[in-house]
Amino acid sequence: MSLMIFDHPLIKHKIAILRDKNTPMKEFRELVEEITLVMSYEAFRDAPTRTVTVETPLETCEQEMVAEKSIAIVPILRAGLGMVNGVHKIFPNARVGHIGMYRDEETAIPHEYYCKLPDGIENMTAILLDPMLATGGSACDAIDLLKRRGVKRIKFMAIIGCPEGIKRVTEAHPDVDVFVSTCDRQLNANCYILPGLGDAGDRLFGTKCRPKCDERLKSLDISVRLH
C-alpha cells in the first residue's frame with residue numbers, strides 16, 4: 001500500500017478557491033476536474049503499458065502506450081461524478097463503472113443502492129473516485145464491493161481527506177493505493193471534514209442536505225493526526 005498526500009503549489013492554489021463558500025457551482029465543478037487531472041498523472045505512474053511501433057517523419061521507432069482496456073474509472077455516486085472527466089482527459093478510452101451509495105441522514109452510515117461495472121473489470125486497474133474521504137465508510141464499502149467482483153488492482157483518489165478516514169481505509173485495505181490532494185484537521189460531530197469545503201455533492205450539483213452523525217461514529221478515534 002502507498003499513501004500519497006500531494007504537496008504541490010498548483011493544487012494548493014486550486015484547493016483554496018475550492019474551499020471558498022462563495023465559489024460558484026460552475027467554477028467549483030471545473031476546479032474538481034482540474035485537481036483530479038493533476039493528481040491522475042501521479043496516480044497512474046505505474047499504468048500498464050504495451051510496446052508499439054510508430055513511424056515518425058524521420059524513422060520508425062518503438063514507443064510505450066497505455067495498454068488497451070486496462071483502466072476502469074469508478075466514481076462513487078454522486079459526488080464522484082465530478083472527478084470522472086479529470087481522469088478521462090488523460091485516459092479517454094477508459095471504461096466507466098458506477099457505484100451508488102448514500103449516507104443515511106440519521107446514522108451517517110453508507111448504503112449501496114446501485115452498481116454497474118464494465119465487463120472484464122477484474123483484469124483492469126480500477127480507480128475509485130470520491131472528492132471527500134471523511135469517515136472512510138463509503139470508500140471501504142466500495143473497495144469491498146470491487147474486491148468481491150474480482151478486482152485485484154484498486155486505487156482510491158480523494159481531493160479532501162482527514163486523518164480518521166485515511167486511517168480507516170489504509171488499515172482496512174493495506175493493498176490499495178490511496179491518493180489525497182490534502183489532509184485536513186479532523187471530522188466534526190456531524191462527520192464533516194474541518195476545515196473542508198462543505199458537502200462536495202451539494203456544491204457540485206446545487207443541492208443541500210444536513211446529515212447527522214451516528215453515535216458509533218462519534219466514538220471513532222479522532223486523536224489520529226498525520227504529519
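Lys 167 is partly exposed, with 30% relative accessible area. In this predicted model, Lys 167 forms a salt bridge with Glu 171. The closest N and O atoms of this pair are 3.3 Å apart. Both residues lie in helix 5, 4 residues apart, which is about one turn of the helix. Glu 171 counts as exposed, at 54% relative accessibility. Side chains of opposite charge can pair when their charged atoms come close.

The structure holds 12 salt bridges. One of them joins Lys 155 to Asp 46, with the closest N and O atoms 3.0 Å apart. Lys 155 lies in strand 10, while Asp 46 lies in the loop between helix 2 and strand 2 (49-55), so the pair ties together parts that are 109 residues apart in sequence. The two partners sit in contrasting surroundings. Lys 155 counts as buried because its relative accessibility is 4%, under the 20% limit. Asp 46 is exposed because its relative accessible area is 52%, over the 50% limit. A further residue joins this group: Asp 46, Lys 155 and Asp 177 are linked in a network of salt bridges.

Another salt bridge forms between Lys 147 and Asp 175. Here the closest N and O atoms are 2.9 Å apart. This pair, too, links distant parts of the chain. Lys 147 belongs to helix 4 (residues 137-148), and Asp 175 to the loop between helix 5 (163-172) and strand 11. The two residues are 28 residues apart. Lys 147 is partly exposed, at 30% relative accessible area. Asp 175 is partly exposed as well, at 46%.

The secondary structure of the protein comes to 7 helices and 13 strands. Of its 227 residues, 47% count as buried. Among contacts with a separation of 6 or more, 65% involve residues 24 or more positions apart.

Helix 2 covers residues 25-43 and has 19 residues. From its first C-alpha to its last, helix 2 reaches 26 Å. That is close to the 27 Å expected at 1.5 Å a residue. The buried residues of helix 2 are Phe 28, Leu 31, Val 32, Glu 33, Ile 35, Thr 36, Met 39, Ser 40 and Ala 43.

Lys 14 gives a view from the side of helix 1, where it is found. Lys 14 is buried, with a relative accessible area of 15%. Leaving aside neighbours within four places in sequence, Lys 14 is in contact with Leu 31, Glu 34 and Ile 35. Leu 31 and Ile 35 are among the buried residues of helix 2.

Strand 11 contains Val 180. Val 180 counts as buried, at 0% relative accessibility. The C-alpha atoms of Val 180 and Ile 5 are separated by 4.9 Å, although the two residues are 175 residues apart along the chain. Beyond its neighbours within four places in sequence, Val 180 is in contact with Met 4, Ile 5, Phe 6, Met 39, Leu 133, Ala 158, Ile 159, Ile 160, Gly 161 and Ile 166. Met 39 is one of the buried residues of helix 2.

The structure holds 1 cavity of 30 Å³ or more. About 30 Å³ of space lies in the largest cavity. Its lining consists of Leu 18, Phe 28, Val 32, Pro 131, Met 132, Ile 159, Leu 197, Ala 200 and Leu 204. Helix 2 and helix 6 each supply at least two residues of this lining. The lining divides into 9 nonpolar residues, no polar and no charged. Phe 28 and Val 32, both in this lining, are among the buried residues of helix 2.

The second largest pocket has a volume of about 240 Å³. It is lined by 14 residues. Val 66, Ala 67, Glu 68, Asn 93 and Ala 94 lie nearest its centre. The lining of this pocket divides into 8 nonpolar, 2 polar and 4 charged residues.

Definitions and conventions. Residues numbered from 1 in each chain as written. Predicted model: local features only at pLDDT ≥ 70, side-chain atom pairs only at ≥ 80, totals over all residues. Heavy atoms only, no water. Expected span 1.5 Å × (residues − 1). Buried < 20%, exposed > 50% of the residue type's maximum accessible area, 1.4 Å probe, protein only. Salt bridge = Lys/Arg side-chain N within 4 Å of Asp/Glu carboxyl O. 1 Å grid on protein atoms, 1.4 Å probe; cavity = no way out; pocket = protein on both sides within 12 Å on 5 of 7 lines; lining within 4 Å. Points joined across faces, edges and corners; volume = space filled by probe spheres on them. Nonpolar A, V, L, I, M, F, W, Y, C, P; charged D, E, K, R; others polar. Contact = heavy atoms within 4.5 Å.
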